[in-house]
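I opened a new notebook page for this structure, and you are welcome to read along. Here is what I looked up, entry by entry.

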Amino acid sequence: MVSVKRTAARLLFGSRYNKVPWGQRVYVRPGERLMREAQWRLKLKGARVMSLEEYERTVPLGEIEEFVSCMMCGDSRQQPLYEPTGGGGWRYHVVRCPSCGFLYRNPNIRPERLGDLYAHSYSSFLTGSYAANRQRRYRLTMDAFAPVFEQGEGRRLLDFGCGAGLFLELAEERGFDAVGVDLSPDSVEQANARLTKARAYFGAPEDVPEIAAGGFDVITLWSVLAHLPRPLEDFERFRRLLAPGGVLLILTVNAGSLLLKAYESAWSGFTKNHLMFYSSSTLPTLLGRTGFRGVAYAPHYGDTIEAGTSQLPGPLRARLRRAVESTDGGNMMRALAFADDEAISRWGGRMRVREL
């Protein structure tokens, strides 16, 4: 199938875009967006919808897994779409909710076994090649949501899923009174070795009195949302932990991405530890059901485009930006959730806020 698609692409586009990175080609090749959108509609039309009971009879259940219904709307029906695989032999099934369109892994990981995914040397991943440009991405996202992150003095920040402390280090630099929590003990150890004033803790927020007391002006979820097996419970907790006027920053893979529609099971957002996949059409449901008042998005054009280091010619960079803005917002989704009307009034002036 892959060779057929590549042959078709050569016939359509020749060699003109061979030097364009794979992640950017679908945004700059003429007609590609319309073709991929049509491909997506055909896939949905041809994918069977079945009851959860019927689905359970067709898919094996792993030791730390459970079958679930849609976390957003509760519909138990399943529309199987993808079977991602990866190094080390991991494989799982991704389904779509036929009612609200939410994409999620099913079977999913049982919440009490979530720590199994991070217990062994997860920090080596977070501080290896994955981390090479991570702080650059953090800075670009903070800039996209200015002025929320410009000055941190006198403001409390919680980094949920702080990993090895790469963002907490930046929060320190900007003056935030910052703390973090993570399920990887070796990551927490590395974070605290890196930090000066900020502090990272192993476990959940309720395990740490300083965090459980709440009163945070900012909570950040950097590539964390896709890892949460019970998002409604987590977001109710985040809402309680926020102070009046507080905001929640989310960076996650974008299930509305044109790249998902193009690469299907080979999409980069389907990684070993990802459980659920959100888009700008499904995230508001999660936020609205857990007490948030509004949400704003910042399109993600890609780190090299935003940092000005891309080798794409100027006309192609402009074409990519237009394609991202007119479709899905890019391969990553960047969102800022507002806890209440005070937060919208204080921080939403420069943003297009969707009230919930």
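This is a predicted model: local features need pLDDT of at least 70, side-chain atom pairs count only at pLDDT 80 or more; totals for chains, interfaces and linings use all residues.

**Entry: Pro-229 and its contacts**

I began with Pro-229 and set aside its neighbours within four places in sequence; what remains in contact with Pro-229 is Met-71, Asn-108, Ile-109, Pro-111, Leu-114, Leu-275 and Met-276. Pro-229 belongs to the loop between β9 and α10 (231–241). Is Pro-229 buried or exposed? I found a relative accessible area of 6% for Pro-229, so this proline counts as buried. I also checked Pro-229 against Ala-243: the two are 14 residues apart in sequence, and their C-alpha atoms are 25 Å apart in space.

**Entry: the open sheet**

Next I traced an open sheet of four strands, and I noted the order β2-β3-β4-β11 with antiparallel pairing. Which strands are at the edges? They are β2 (79–82) and β11 (276–277), each of which pairs on one side only. I followed β2 to its partner β3 (residues 94–96), where the antiparallel pairing runs over three bridges. In this pairing I saw Pro-80 opposite Val-95 of β3. Helix α3 (residues 32–46) lies across both β2 and β3, and I wrote down about 140 degrees for its direction relative to β2.

**Entry: the buried side of α6**

I then turned to helix α6 (residues 134–144) and listed its buried residues: Arg-134, Gln-135, Arg-137, Tyr-138, Leu-140, Thr-141 and Met-142. What do they pack against? My list reads α7 (166–173), β9 (216–222), β10 (242–253), α13 (303–307) and β13 (332–338).

**Entry: rings**

I counted 16 aromatic pairs. One of them joins Phe-102 and Tyr-278; this pair is tilted, with 4.9 Å centre to centre and 55 degrees between the planes. Phe-102 and Tyr-278 are both buried.

Why is the pair of Trp-267 and Phe-270 edge-to-face? I noted ring centres 5.0 Å apart and planes at 90 degrees, and the pair is called edge-to-face because planes over 60 degrees apart count that way. Trp-267 and Phe-270 are buried too. They also belong to a cluster: ring pairs link Tyr-82, Trp-267, Phe-270 and Phe-277.

**Entry: charges over rings**

I found Arg-25 over the face of Trp-22, at 4.1 Å from the ring centre. I also found the charged end of Arg-321 over the ring of Tyr-301, 4.3 Å from its centre.

**Entry: cysteines**

How many disulfides does the structure hold? I found zero. Cys-73 is in no disulfide, and its nearest cysteine sulfur belongs to Cys-97, 3.5 Å away.

Methods
Residues are numbered from 1 along each chain as its sequence is written. Side-chain values use heavy atoms; hydrogens and water are left out. Two strands pair if DSSP finds at least two bridges between them. Helices (H or I, at least four residues) and strands (E, at least two) are DSSP runs, numbered from the N terminus. Contact means heavy atoms within 4.5 Å. Axes are lines fitted to C-alpha atoms, for helices over the stretch in contact, and angles run from 0 to 180 degrees between N-to-C directions. Buried means under 20% relative accessible area, exposed over 50%, partly exposed in between (1.4 Å probe, protein chains only). Rings of Phe, Tyr and Trp (its six-membered ring) pair if their centres lie within 6.5 Å; planes under 30 degrees apart count as stacked, over 60 as edge-to-face and the rest as tilted. A charge sits over a ring if NZ of Lys or CZ of Arg is within 6 Å of the ring centre and within 35 degrees of the ring normal. A disulfide is a pair of cysteine sulfur atoms within 2.5 Å.
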